Amino acid sequence: MFLLGTLVNGLLIIIGTMLGKLLNRIPESMKTTVMYGIGLSVMVLGLQMGLKSENFLIVIISLVAGAVIGEWIHLEEKLNQLGQWLERKVGSSDKGSISEGFVTATLIFVIGAMAIIGALDSGIRGDHDVLYTKSVIDGFTALILTTTLGIGVIFSAIPVMLYEGLIALFATQIDRLVPKVLMDQFIVEMTSAGGIMIFAIGLNMIGLTKIKVANLLPGILVVGICVTIVYLYQTVI
């Protein structure tokens, strides 16, 4: 079953969120300190990812172009509206936490090489080991995030499963149509661009900035376009 790894990933995010909800009744001062700790850890993770680029000009162009597109279509505002709609539907007592938890957790869980590599392995070879590993990491992260961001984290399981599921579903076609060198380059530069976004999330979590990180998301698509152009240029010459 090529979607098994994807389903396990979503399930462990849900389980981690529910366990985190049980730990949610901690003192506010402790919750604040925990949030700072998570934010600093997320910043270090993002920095590690951001430094993996082999062509940083691609990352810069992608983030700038992605920011323009994201602001133009008001992507962050739409995601927050979705979070507010979910909050009204579930009647959450975690005031204001649905949108923040949903957006923050989704960005952390979706951006990165493990989601793509794991989904491709699941779809092509039926090997779910990478997604199993990611599932454990995401489940623990969901637990920690929920203690400070609330139940909104649980809804991140939906885009994670859709994202990984679609890659796994079309894995054989992707493997046949996209040269390995191009895919490897895309993963490296996408990880770097995503790492910078995750670093920005960390800054937001510790209260230093209010960067609209979701508005940078179109940059991931721009990375694919830029990497493809560079690959075709190098192939021609």
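Reader: How are α3 and α11 oriented to each other?

Author: Angles under 35 degrees count as roughly parallel, over 145 as roughly antiparallel, 65 to 115 as roughly perpendicular and the rest as oblique. Axes are lines fitted to C-alpha atoms, for helices over the stretch in contact, and angles run from 0 to 180 degrees between N-to-C directions. Here the axes of α3 and helix α11 (residues 219-236) cross at roughly 140 degrees and come within 8 Å, and α3 and α11 are therefore oblique to each other. Helices (H or I, at least four residues) are DSSP runs, numbered from the N terminus.

This is a predicted model, in which local features need pLDDT of at least 70, side-chain atom pairs count only at pLDDT 80 or more, and totals for chains, interfaces and linings use all residues. Residues are numbered from 1 along each chain as its sequence is written, and side-chain values use heavy atoms, with hydrogens and water left out.

Reader: Which hand does the crossing of α3 with α11 have?

Author: A crossing is left-handed if the near helix is turned anticlockwise from the far one by less than a right angle, and right-handed if clockwise. The crossing of α3 past α11 is right-handed. Contact means heavy atoms within 4.5 Å; from α3 it involves Ile58, Ile61, Ser62, Ala65, Gly66 and Ile69, and from α11 Gly219, Val222, Val223, Cys226, Val227 and Val230.

Reader: What classes do the residues of the contact of α3 with α11 fall into?

Author: Ala, Val, Leu, Ile, Met, Phe, Trp, Tyr, Cys and Pro count as nonpolar, Asp, Glu, Lys and Arg as charged, and the others, Gly among them, as polar. In this contact there are 9 nonpolar, 3 polar and no charged residues.

Reader: At what angle do α3 and α10 pack?

Author: Helix α3 (residues 56-73) packs against helix α10 (residues 180-205) at about 55 degrees, and their axes are 9 Å apart. That makes α3 oblique to α10. This crossing is right-handed. Phe56, Ile58, Val59 and Leu63 of α3 touch Glu189, Ser192, Ala193, Ile196 and Met197 of α10, a contact with 7 nonpolar, 1 polar and 1 charged residues.

Reader: What span should α10 have, and how far apart are its end C-alpha atoms?

Author: The expected span of a helix is 1.5 Å times one less than its number of residues. With 26 residues, α10 should span 38 Å, and its end C-alpha atoms lie 36 Å apart, which agrees. After α10 comes Gly207, with a positive phi near 85 degrees.

Reader: How are α1 and α7 oriented to each other?

Author: Helix α1 (residues 4-22) packs on α7 at about 20 degrees, with axes 7 Å apart, so α1 and α7 are roughly parallel to each other. Their crossing is right-handed. The residues that meet include Leu12 and Ile13 in α1 and Ala142 and Leu143 in α7. The contact of α1 with α7 divides into 10 nonpolar, 10 polar and 3 charged residues.

Reader: Which residues of α7 are buried?

Author: Buried means under 20% relative accessible area, exposed over 50%, partly exposed in between (1.4 Å probe, protein chains only). In α7 the buried residues include Leu131, Lys134, Asp138 and Leu149. Following α7 is Gly150, whose phi is positive, near 90 degrees.

Reader: Is Ala119 buried or exposed?

Author: Ala119 counts as buried, at 0% relative accessibility. Ala119 sits in helix α6 (residues 113-125).

Definitions and conventions:
Helices (H or I, at least four residues) and strands (E, at least two) are DSSP runs, numbered from the N terminus.
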